[in-house]
Amino acid sequence: PIPFEPHNLGPKLNTIYDDYWPSVTADEQTLSMTVLVGKLANSSTTIGFHEEIYHSKKVNGEWTVSKNIGAPMNTTGNEGAQTFSFDGRYMFFVACDRRTGLGGCDIYYSIKNGDTWSTPVNPGEPLNTKFWETSPCFSASGDELYFSSNRPGGKGKKDIWVCKVQMNENGI
């Protein structure tokens, strides 16, 4: 057993809904989470609810109240499972049932310029396919993106895959 003492981050970060998939930038100044908007505690269904990305900034050593990151990242569909590049400039996340999607859920990315995120981009194949892709996570070196998919060629129903990532000034 490994000693583990979790601490609730309190009402500034936790919403009244289900909050999960926390992701923090390497400089520990931005914390992002997926929020199941509309689903209150003790609800037995998620029908009619959707996932959105929320974030909080650290100011003078304290977290600000988490807020919906808004458009263009969030839509009326499901967005979440976000991960940041080492420098915090790129955010990869999952979005489902978008017009630009290749499958039901695809991995998108957005580039941060100042305090604004760019319109999300679907990088297409080989990262995304007509199958289900989710749960992106950057490698420590920042040149690989690990994710889960149910595409053919795996060992189980949903397997861990990896895709090489090359970032440049104009995008990925």
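**Cysteines, sheet and nonpolar cores**

Cys163 is buried, with a relative accessible area of 15%; here buried denotes under 20% relative accessible area, exposed over 50%, and partly exposed the range in between, for a 1.4 Å probe and protein chains only. The model is a predicted one, in which local features need pLDDT of at least 70 and side-chain atom pairs count only at pLDDT 80 or more, while totals for chains, interfaces and linings use all residues. Residues are numbered from 1 along each chain as its sequence is written, and side-chain values use heavy atoms, with hydrogens and water left out.

The closest cysteine sulfur to that of Cys163 lies in Cys137, 14 Å away, which is too far for a bond. Cys137 itself counts as partly exposed because its relative accessibility is 40%. A disulfide is a covalent bond between the sulfur atoms of two cysteines; the criterion applied is a pair of cysteine sulfur atoms within 2.5 Å. A search of the whole structure finds one disulfide. This disulfide joins Cys96 to Cys105, with an S to S distance of 2.0 Å. The link of Cys96 and Cys105 is right-handed, with 100° about the S-S bond, and both cysteines are buried.

Strands are DSSP runs (E, at least two residues) numbered from the N terminus, and two strands pair if DSSP finds at least two bridges between them. Four strands form an open sheet in the order 6-7-8-9, with antiparallel pairing. Strand 6 (79-84) and strand 9 (116-117) are the edge strands, each pairing on one side only. Seven bridges connect strand 7 and strand 8 in the antiparallel sense. Met91 has Ser110 in strand 8 as its bridge partner.

A nonpolar core is a set of buried Ala, Val, Leu, Ile, Met, Phe, Trp, Tyr and Cys residues joined through side-chain atoms within 4.5 Å. The largest such core has 15 residues, and those with the most contacts inside it are Phe92, Val94, Ile107, Leu127 and Leu145. Strand 7 (90-96), strand 8 (105-113) and strand 11 (144-149) each supply at least two residues of this core. A second, separate core of nine residues includes Ile53, Met73, Phe84 and Phe93. For contacts, defined as heavy atoms within 4.5 Å, Leu145 provides an example: not counting residues up to four places away in sequence, Leu145 touches several residues, among them Phe92, Ile107, Leu127, Cys137 and Cys163.
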